[in-house]
Amino acid sequence: MTTGIVAYLIRRLVAAVPLLLGLTLLLFVLVHLAPGDPVAAFVSEQSASPEFIEQARKNFGLDKPLPVQYVIYLSHLLHGDLGRAYGFGGKPVLVLIKERVTATLVLQALAITLALLCAIPLGIISAVRQYSVLDHTATVGAFIGLALPNFWLALLLQFYLSVKLGWLPALSAGQAQAPLAERWKFVLMPVLALALPLIAYFTRFVRSAMLEVLRQDYLTTARAKGLSERVVLWRHALRNALIPLITVTGLQVAHIVGGAVIIEQIFAWPGLGNLTYEAITRRDYPVILGVTLLAGVFVVVVNIVVDLLYVLVDPRVTFDRA
Amino acid sequence: MTEWGEPGQDWIWVFLHQQLGRRAFLRRAAELGLSGPALLAVLAACAGETKTPTTGPGAGTPLVASPTSAGTSVATKQATPAGQPKQGGQIIIGTLGEAQTINPFVSNESEGNWRVKMLFDQFVRLKLDTLEPKPGLAKSWQRDNLTYTFQLQDNAKFSDGSDLTADDVAFTIKGILAKATASPRQSRFLSIQGAKAYAAGSADDVAGIKVLDPKRLQITLEQPDASFLINLRYVSPVPKRLLEGKDLSAKSQDPFFQKPIGAGPFKFVSWTVGGDFVAERNPYYYEQGLPYLDRFTHRVIADAQSLANALLSGDIDGSLYPTPATYQQLKNNANLTVIVPPFTQPDGWLFNLKHPYLSKKEVRQAVAYALDMNQFANDSLYGLGKPGRGPIAPSNWAFDDSIQPWPYDLDKAKQLLQQAGPPPSDIEFLANKGNIPREDFLTYTQQQLEKIGWKIKASVIEWTVLVTRTINKNFDVSQATFVGATIDPGDLAIQFMTNGSQNYTSYSNPQLDTLLDQARKELDTQKAKDLYKQIQRILLDDLPAYWAWYRPFLHVIKKQFAGYVPTVETGGIFAELERVYVAK
């Protein structure tokens, strides 16, 4: 089986190369097709002289034909160079990404972990005690959670927990200067704002997956064998119900790099979402391309990892070619 | 970015736009406690806070001034809380938009320009009230006809302890002029003798710039230039020895621009782009005892409501960017001082006179008559803004105080439009996305013009698109802020002279050409004032742009700070941060 996995991995990785190349081409064309000029971000109403714009475009290499620009970009990319931002202090894109990728990963990992820790037990209870008070409560709670836009939740949390009660700092910026024991205060609100809708989402998934599994004959068999309800639920039911959850979680994880744009903005979280948004509004092509490319790579990698996880959870899945 | 960007709120609008109007949403948000109570009740600005300076002598007057007296008197006068200035403490300032760059050759928006001023200072500064030139790194100057001789501050030093010399200043001006730098500041210095040839690459040096000795610099102009002295605020000297022969443009990879060294009051510490920009006291700053603060943090908070929350919770100490919607909420907070600073040049509509219909004066006047700016100011600007009164900011010395806002007269508007003939159906009015008052003004204009029988196409587009289209004259009606003057009335020349480099309206009027040319060369303030009076009259009659409304800004700072002055100069109450101190 191991050779099967290795072969599979190699196949997937090789397939990823043309995929990513195609992605760069598509992104490059789309980004340049969008109306607006990166140089416009450098001018105010009062200083927008055509001569300046012309020279600035030349300095950024934007005066060259698009195919030439693409080839230049690609050749740099093959050397591991994502180029330099037009704005953002002219920093290399790689540096900009490195500065903040950890912050985004940490935020999302915490939110997803918290969401799973809450959603799995909630979903199981809901399914096992279907139509009980607890199930109804969880269902209503989940629908509210799904319906609440997380930016609104974030602003509410911020307003009540920081402005009204003064328990937590309103912003996550400044956490680096805080003592280690205090850091959680800077993290709690953004994690909650991200996690609450996720809890709702995951709970619904676990519930329906469990309900489906619970109706299966092999569970009746397991019970008939005299297995305890705990073993039936955790070993036989949950394990099978996990497969759709892994898929859904994988999809969620793949979104990570795109970032929690809004949440990061509200809490001034020093992550990629903030960077992406600013880069788009300014048409900072190298930064937009860099971040989206990273997101593309991330999606490919996560998909491969998810496929591998299926094997662990479900022994029937195998990578050996029949 | 000087915009009320509110990028975060964009999403709110997208989300709710189907069900709720924007204003309705704000109201509901207020009822929910999000934006505090009585969001719609509005107080007029306190008289003391919107104090508009009286006139002052214009640029170009021969002047010898002592460095320490200038500015301090103004600053301490405004220091409301008691307490002697003392060193210590720090301030965290929240901003909505991030600076594009801190490269002093190319920085070109308010955040970048302000940071550059903090790190590099300015060769000549502006008086915060009258906007006249005052000493900066140039301690004094004398004018003899077309030749200015500048004396540098005796102990001006860079933050690494090395001396700032006239050589560095000359190097900086030449760097701005050089074509390869692509400096947006270049056009401001082309009146220097030989500058045009140098900028075009046909001369190796600028004939009009002479270093007399390490502390004296002589600059000779080709012709009188009334804007020359105040334009020197765009000279933020860099150390020549570190940058000679290097790329100075926006794409420069020189490490200097990642960790710059300047002669300003503060010294660069770190910059996490999109997060915190941190600077600390420059121990070598030439003014004894300044700055008072040990350090400042300039923190990007991209969401406007979040910025207000951070002020209310005390997480940040001040900001220039709370929206007027949060005025009451902030005003009611016991720890905050809320200031409505003097107005800048007005917002409004910019007409493309190449369009056959818009080229008719009665059409443009009909637009002005159709809009009730008092109503707009009360409803959309929360009573904090005001109807506009012409192209020049009211606090500017050249502003003609006898100008009244354009009257509201719907019948007159109808009549004018009838004279002009039926409007074509495809005339497009542009506003930039996320700029709430501008979007509101677009909607209001659309409603009002419909009343006089003109259906316009209202388009909300992104800022970079709006700029590109306006510069390329690919628009019908765009934003009026592309023309007008806040600090230098001389700007009107490049905007309205027939061959002006930023004449986006394609306006052409030989009489105005003559007046503008005279005014920009007139060094006598009174005479210049008279010229600008005529210029304002003509522009307001011809209306190549309708300067409709003054946008209110809110400058907010914690009560414990003192030493700041409300001003339209870049940075607002933080324009001279080195004079701000912790009073208690």
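**Reading two chains by their cut-offs**

Trainee: Why is Asn145(B) called exposed?

Mentor: Asn145(B) has 8 other C-beta atoms within 10 Å.

Trainee: Thanks! What should I keep in mind about the model itself?

Mentor: This is a predicted model, in which local features need pLDDT of at least 70 and side-chain atom pairs count only at pLDDT 80 or more, while totals for chains, interfaces and linings use all residues. Residues are numbered from 1 along each chain as its sequence is written, and chains are lettered from A and ligands numbered from 1 in the order in which they are written.

Trainee: Where is Asn145(B) placed, and what makes its phi worth a look?

Mentor: Asn145(B) is in the loop between strand S4 (138-144) and strand S5 (147-152) of chain B. Its phi is positive, about 55 degrees, although Asn145(B) is not a glycine. Helices here are DSSP runs of H or I with at least four residues, strands are runs of E with at least two, and both are numbered from the N terminus.

Trainee: Leu131(B) has a positive phi too, near 65 degrees. Is Leu131(B) buried or exposed?

Mentor: Leu131(B) is in the loop between strand S2 (124-126) and strand S3 (133-135) of chain B. With 26 C-beta neighbours inside 10 Å, Leu131(B) meets the cut-off for a buried residue, so that is its class.

Trainee: And why does Pro35(A) count as exposed?

Mentor: Pro35(A) has 12 C-beta neighbours inside 10 Å, and a count of 12 still belongs to the exposed class, so Pro35(A) is exposed. Pro35(A) sits in the loop between helix H1 (2-33) and helix H2 (50-59) of chain A. The C-alpha of Pro35(A) is 9.1 Å from that of Arg283(A), although the two are 248 residues apart in sequence.

Trainee: How do you know that helix H8 of chain A lies largely in the open?

Mentor: Helix H8 (residues 217-224) of chain A has eight residues and the number buried is zero, so H8(A) lies largely in the open. Just after H8(A) comes Gly226(A), with a positive phi of about 95 degrees.

Trainee: How many helices and strands are there in chain A?

Mentor: Chain A has 12 helices and zero strands, and buried residues make up 40% of its 322 residues. Chain B has 18 helices and 21 strands, and 58% of its 584 residues count as buried.

Trainee: Why are H4(A) and H5(A) called oblique to each other?

Mentor: Angles run from 0 to 180 degrees between N-to-C directions, and the axes are lines fitted to C-alpha atoms, for helices over the stretch in contact. Under 35 degrees is roughly parallel, over 145 roughly antiparallel, 65 to 115 roughly perpendicular, and the rest oblique. Two residues are in contact if their C-beta atoms, placed from the backbone, lie within 7 Å. Helix H4 (residues 93-128) and helix H5 (residues 133-147) of chain A pack at about 130 degrees, with their axes 8 Å apart. That angle belongs to the rest, and H4(A) and H5(A) are therefore oblique. The contact joins Leu122(A), Ile125(A) and Ser126(A) of H4(A) to Leu134(A), Asp135(A), Ala138(A) and Thr139(A) of H5(A).

Trainee: What makes up the contact of H7(A) with H9(A), by class?

Mentor: For the classes, Ala, Val, Leu, Ile, Met, Phe, Trp, Tyr, Cys and Pro are nonpolar, Asp, Glu, Lys and Arg are charged, and the others, Gly among them, are polar. Helix H7 (residues 183-214) and helix H9 (residues 229-254) of chain A pack at about 145 degrees, with their axes 8 Å apart. By class, their contact has 13 nonpolar, two polar and no charged residues.

Trainee: How many residues of chain B are in contact with chain A?

Mentor: The count is 56 residues of chain B, in contact with 53 residues of chain A. Helix H1 (7-16), strand S10 (295-300), helix H9 (304-313) and helix H15 (463-471) of chain B each supply at least two residues of the side of chain B that touches chain A. That side has 23 nonpolar, 23 polar and 10 charged residues.

Technical notes
A residue is buried if 20 or more other C-beta atoms lie within 10 Å of its own, exposed if 12 or fewer, and partly exposed in between; C-beta atoms are placed from the backbone.
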